[in-house]
Amino acid sequence: MLKNKLFKIAGRNPRFKLTLVTVFLASFLLGMAVLLTMQIVPKMLLEQRLMECPGHRQGNIHYHATVLIYYLGEQMTIPPGIGLEGDCIHPVHTHDTTNLVHVDYPKKYPFTLGDFFNRWGYIFNKKQFANIRTFDGYTIRVEVNGKENKEYERYVLKDKDRIRIYIEKNTGN
């Protein structure tokens, strides 16, 4: 009923039509701005945190997760020095070839498995690991502490995690 009244008024008054269109467009643009802000700002803050150099300081939160990657059944070695640049020690890093990922930050923050791969320079998600993609006939699976995990890059790293990533060729079954 209200809708019909508005259309009748709008039909007689061109200014009212313009106001309705303006209100609609302004609402739409405001909604889009809020949506983009909600998605872009957190990503920018995360990227900023990953670029910081808190190093190994007294009082930092410091923990480790073991990340094991198996490609076609063969275990890969994660290289040393991921997240280490000169005197800079980024929050998510490796020191050696033990596959131990260090998280070192002044306060508790939910760094993820995806953050580690981002720091390493590799894409990692349920459809891709580096240049290996599921649509090319591969399967990517993740286990955390012996249990299947579907969070992939969104999994928040925890102390003493044992993460296994399996990249396997589809068998066609």
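Biologist: Which residues form the one aromatic cluster?

Modeller: Phe116, Phe117, Trp120, Tyr122, Phe124, Phe129 and Tyr152 form it. This is a predicted model, where local features need pLDDT of at least 70, side-chain atom pairs count only at pLDDT 80 or more, and totals for chains, interfaces and linings use all residues. Residues are numbered from 1 along each chain as its sequence is written, and side-chain values use heavy atoms, with hydrogens and water left out.

Biologist: Why is the pair of Tyr105 and Tyr109 called tilted?

Modeller: Two numbers describe such a pair: the distance of the centres and the angle of the planes. Rings of Phe, Tyr and Trp (its six-membered ring) pair if their centres lie within 6.5 Å; planes under 30 degrees apart are stacked, over 60 edge-to-face, the rest tilted. Here the centres are 6.2 Å apart and the planes 55 degrees. So the rings pair, and they count as tilted. The structure holds 14 aromatic pairs.

Biologist: Are Tyr105 and Tyr109 buried or exposed?

Modeller: Both are buried. That means under 20% relative accessible area; exposed is over 50%, partly exposed in between (1.4 Å probe, protein chains only). Of the chain's 173 residues, 34% count as buried.

Biologist: What makes α3 mostly covered?

Modeller: Seven of its eight residues are buried. They are Leu113, Gly114, Asp115, Phe116, Phe117, Arg119 and Trp120. Just after α3, Gly121 has a positive phi of about 95 degrees.

Biologist: How many helices and strands does the protein chain have?

Modeller: Three helices and twelve strands. These are DSSP runs, numbered from the N terminus: helices are H or I, at least four residues; strands are E, at least two.

Biologist: Which residues touch the most other members of the largest nonpolar core?

Modeller: Ile69, Phe117, Phe124, Phe129, Ile163 and Ile165, out of 30 residues. β1 (61-71), β6 (100-105), α3 (113-120), β10 (138-144) and β12 (161-169) each supply at least two residues. Such a core is a set of buried Ala, Val, Leu, Ile, Met, Phe, Trp, Tyr and Cys residues joined through side-chain atoms within 4.5 Å.

Biologist: What does Phe124 contact, beyond its neighbours within four places in sequence?

Modeller: Leu113, Phe117, Phe129, Ile140, Val142, Tyr152, Glu153 and Ile165. Contact means heavy atoms within 4.5 Å.

Biologist: Why is Arg141 said to sit over the ring of Tyr166?

Modeller: The rule asks for NZ of Lys or CZ of Arg within 6 Å of the ring centre and within 35 degrees of the ring normal. The charged end of Arg141 is 4.4 Å from the centre, so the distance passes. Lys169 lies over the face of Tyr138, at 4.3 Å from the ring centre.
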